[in-house]
Each structure stands twice: as C-alpha cells, then as structure tokens.
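Have the viewer open as you read.

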Amino acid sequence: MTNTLSGKSQGNEVPTKKKVTGAEAVVLSLLEEGVDILFGYPGGAIMPVYDELYKYQDQLKHVLVRHEQGAVHAAQGFARVTNDVGVCIATSGPGATNLITGIADAMIDSTPLVCITGQVAKHLLGTDAFQETDVVGISMPVTKWNYQVTKASEIPEAIAKAFYLAKSGRPGPVLIDITKNAQFEEFDFEYKKCEKVRSYKPVEPAEESTLEEAAKLINEAKKPYILVGQGVILSEAQKEFIEFVEKTGAPVASTLLGLSAVSADHPQYVGYLGMHGNYGPNVKTNECDVLIAIGMRFDDRVTGDLSRYAKQAKVIHFEIDPAEIDKNVKTDVAVIADAKEALTRLLPKLENRTHDAWLEEFRACDRLEEEKVHVNDFAPDTKKPKMAEVVKMLSEMTEGKAVIVTDVGQHQMVTTRYYEFRQSVSNVTSGGLGTMGFALPAAIGAKFGKRDREVVMIAGDGGFQMTLQELGTIMQEKLPVKILILNNSFLGMVRQWQQMFFERRYSFTEMDNPDFVKLAGAFDIEAMRVSDRESLHDGLTAMLNSEESFLLEVVVEKETNVFPMIPTGESVSNVRLE
Ligand SMILES: Cc1ncc(C[n+]2csc(CCOP(=O)(O)OP(=O)(O)O)c2C)c(N)n1
C-alpha cells in the first residue's frame, strides 16, 4: 500500500504531520494498515467517518451491507480466505449490538477482525443518550481487546494496536468504539505501526527440549495419529505440515476448521473428525499410541466424552495459545508455538517412517462407513435428491477447487463430509459458535477476498432466511456469488435430534418457506429450482456456468439424517452409523 501522507511504503519512517479530524484519521489509519475494503452500515454516531469514506472512495472501498450482522460476517469471510484482517464498521447502539454475534463467532474461530463503532459524544456517555449502549462492556468477553476512544489524538495509536492484536499470536476480533466528539476534533496526524504491546507476548519460539521430546515420541510411535486444525492454515504452514505428515507416515484427520489444509486425495488423509465426522478418524482416536494435535483446541464436538478420549495415547499438542494447553485434554508434550515455526524446526529431527498396516485399519473403517452410510446417502431410493448427492456432484463438477462457505445444520455436516477439498483455504464455516445466517454474508466477504475463485455458499432453508437481506448487497455490488439452498422445509439438524432423542416430537422445526426463486428475482438475481434427481446436474451446471450471482434451490428429501453421529456426551468409540 502507499502511505498517503508520507508517500513511503510501510510507514516506519517519520511521517509528515497533517492536521486532520478524528474521522479522517480513522480512514488514514486504515489505509496505513493496507486496508482497501471494509463492510459497514452508517448511522448518526459514525457519520463523520462515513463523510470521510465518501471522500476516500477511490482508495478504500466500502461495501454497504443490509444489516450489521452481515458486515461482520462478511469481514470474517474476507479474513478467512485472505488470512488478512477483516474490517467492519457500524454506528452506536443497535448498530454496535448487531455486530456482537459475528464478533463472538470470530473470537471462538480465531478470525482476525477490526470492528469500529461510533459512540455518542463524550459528554453524553452514561446518560442513556439516544442510541447509546455500552458496547465496550458488551463486547468485552468476546473480543481479544477493545477500547473506547474519546479524544481524536488517540485514534492512530488505537487503530495500530487493534491491527497488531487482531493478527498477532492467536488471531481474534478487536473493537474500537469512537465517540462522536473524537471524530470531529482536529489534531496532528501521524501514524506508526504497532510492533509490540507491553505485557502481551503473542508468540515465542518453540522450546528446543519440547521439540526433542515430541520428535522422540513420534519416531518411536507404532500407531501415531495426526489431527490437523485451523492453526495450520492460520500460520500458513501447509507446506511444512505436508512434509511432516509424509515424513511420519502417520494417518492424518482434520477438524471442521482444519478442512482443506490437506488435500482430500492425499494418501495419508483419513477424513474428518467430530460429532458427524468420519467413522475411522473418530474411533481410531482410542487406538493410537501417540496423538499429535496441531493447531486445534480439542473442542467437545471433536472429543466427545473427555473421560473416554485417547486415554491410551501419549498426547503431543502444538498450539499457539498457552491457554488451550491442558484445557480439555491433558497433554504429555506441549509445544507452545506458531505451527510453521515449530514444524520447520521439528522436521530435521524426524526419521522417515511408514505405517501402512495402521493406515489400512482406517481404510477398513472407511469401507464399513461406505457400506452403512454412503449406501443410504447416495442410494436413489427417494423421489427427491438427498443433500449428499448434491454436494458430491458439486464437488466433482468443481474438482474440489471452489471456496465453499457453509451455514450451520445438516447441510453443513454433509458438505464438510462430502466436498472433497483439493485446494487449501477453501472451507469457510462457522465452527465454534455454529451461527446460522453466517453463510450468505460470509460468502460476500469471501468473494471480495478471492475474486478469481468460484465461491459457492451452501445453506439450509432455515439459516438462509436469517440473513437473506444480504441478497441486496449482492445485487448492488453485482457480486458473482453462487447461492445453493438445500431446502428440506425443516430446521433439519434440530429435527434429526427430535427424531432420535425426543421421540419424533417435531416441535416447531417445520417451515413454510417463501418462493426462493421469486425472492431472488426481486433482487435481480438469476435463479432456478430443482426438485428431482434428473435435473440436478442441469441445475448445478446453470449455477456454475453463470458469470453472475445465481441462486439454485434444490428441494431435497425432507427427513434424512446425518450419520455417522456421536451422540452428545458419548465417547468417540461409540459412533453410530445408523
Ligand atoms: C442463530 C442460531 N439459532 C439457532 C441455532 C440452532 N440450530 C442449529 S442447526 C439448526 C437447523 C438448521 O436448519 P437449516 O438452516 O434449514 O439447515 P438444515 O439443518 O436443514 O440443513 C438450528 C435451528 C443455531 N445454530 N444458530
């Protein structure tokens, strides 16, 4: 980027001072950080900043979403595919509170965000002024850091710190709340990027002794088993990770957010972990002798009952955030470090190994899963297509190379099981929070982040209706996002639980839906509905061939269930296949 004031490329030299308002300082600071796009929604308390955004339109693109939740999810989608900081902006009060769900989502999924909110003027703080809300208080537990600016001169430093904290160490969302008086005040602007914050140590090099211990365990293991999480993608360690996998010869399974870190066709890739993950990767956790977890946090959806999780194994945990060590699973060797740095230094300590017989045990599980589950998922014994058929066909037609943005529910679990990711950084979904309504706005952000890639959003009829107003954003931006709705007229995942654990009492999970095709028409988005197996290929072809945004509704079989499944609180050994 260019430093707009000094003309220098990365702002470390003393920049020229210039008298600006706080509002202009916000925009100039974003430019200094290399930001060229932000997602937002205006309002009274942020109007001075919006006035500057108007003036700087040629350098900083603002995308007008239709709801602040859309802004934050779009910023998340952008951050997830670019590995850069996503930026969103909103007004005070309801604008700010509408960001909270996305901020919480970003926090648990380690997504770097800088969220900027307007606030009432300093003299009105605490008076219940119009659209005043304590967003700093509200966002405290779901931000890595937040701060209220009440003086213009604090803006550059606060924004510099915000970017540094969002991106360094374990990434996460930060929020800066700026009072209106601070946006109007003038001061001498100068910008210096933040390189450290006292008492915050984002990451230290891995300890040599722990690397030695880890290498020894891995070299001596009979049944080593690798679990890959998003940390590998966040630290851009894919290359080192594959080398590691190949040197150890061990099977590798992925968490939900780790998907795409390893190509689905890698010979040592054994699949997907968790409540609806593959059979082998779950049950074999209780048979390995060394469990090597890299950049993942042993979420309860992965571990099931902790008292029956990998008790026989030595556990090695590579993790950037010390707070994650021993939080859920007791580790034998904790490598607290950035994955790329740790793997780079670990590699020379490893011996080349193969574990073919052990890998074959996973393949045997795959065959069982195929026999019990795939047969049902792909058998054309129903009138309407099943979700799995749609996803498999999409996977084949895109050769596993699209960016897939999923919402939350059955379609999400089916997609992440059956889409064969062949390219890294291609899986955008709400993991830890499980936020319905995430997909459509996140797909908008992902498309802005990766213009050259096919971005396909997949949602259920329920989740799609939570943020469908963002079709307006797609219309206005003429953004070629592909929208695939798997419509079962049910809140499918909840219905599945009602069927299995609440004696089929379908309490408020059946949905009367609008005509999605007509709805898309109202937003000037081309659309098509497919309700039978025979037309599925044509529907997907029309969607993928379109150069513009396209909504494809596939009316799927209403009551199919997602298997395998580990019922809540059960051990990973007790996977249900039917
Ligand atoms: C904001 C929010 N509210 C409620 C839930 C609980 N929930 C999880 S999955 C699900 C059903 C999703 O239904 P749909 O979007 O139609 O997708 P399907 O499961 O049918 O694929 C619900 C209600 C949630 N995850 N997020």
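Phenylalanine 464 is buried in this predicted model, with a relative accessible area of 2%. Phenylalanine 516 is buried as well, at 0%. A search of the whole structure turns up 15 aromatic pairs, and the points below walk through some of them.

**The pair of Phe378 and Tyr418**
- The ring centres of phenylalanine 378 and tyrosine 418 are 4.9 Å apart, and because their planes meet at 70°, over the 60 degrees required, the pair counts as edge-to-face.
- This pair links distant parts of the chain, 40 residues apart: phenylalanine 378 belongs to helix 15 (residues 356-378) and tyrosine 418 to helix 17 (residues 410-418).
- Phenylalanine 378 is partly exposed, with a relative accessible area of 22%, whereas tyrosine 418 is buried at 8%.

**The pair of Phe464 and Phe516**
- The rings of phenylalanine 464 and phenylalanine 516 have their centres 5.6 Å apart, with planes at 80°, so this pair is edge-to-face.
- Here too, distant parts of the chain are linked: phenylalanine 464 sits in helix 19 (residues 461-464) and phenylalanine 516 in helix 22 (residues 516-522), 52 residues apart.

**Charges over rings**
- Lysine 392 lies over the face of phenylalanine 378, at 5.3 Å from the ring centre.
- Arginine 417 lies over the face of tyrosine 418, at 4.7 Å from the ring centre.

**A ring cluster**
- Which residues do ring pairs link into a cluster? They are Phe39, Phe78 and Phe448.

Note on methods: Residues numbered from 1 in each chain as written. Predicted model: local features only at pLDDT ≥ 70, side-chain atom pairs only at ≥ 80, totals over all residues. Heavy atoms only, no water. Phe/Tyr/Trp six-rings, centres within 6.5 Å; stacked < 30°, edge-to-face > 60°. Helix = DSSP H or I, 4+ residues; strand = E, 2+ residues; numbered from the N terminus. Buried < 20%, exposed > 50% of the residue type's maximum accessible area, 1.4 Å probe, protein only. Lys NZ or Arg CZ within 6 Å of the ring centre and 35° of its normal.
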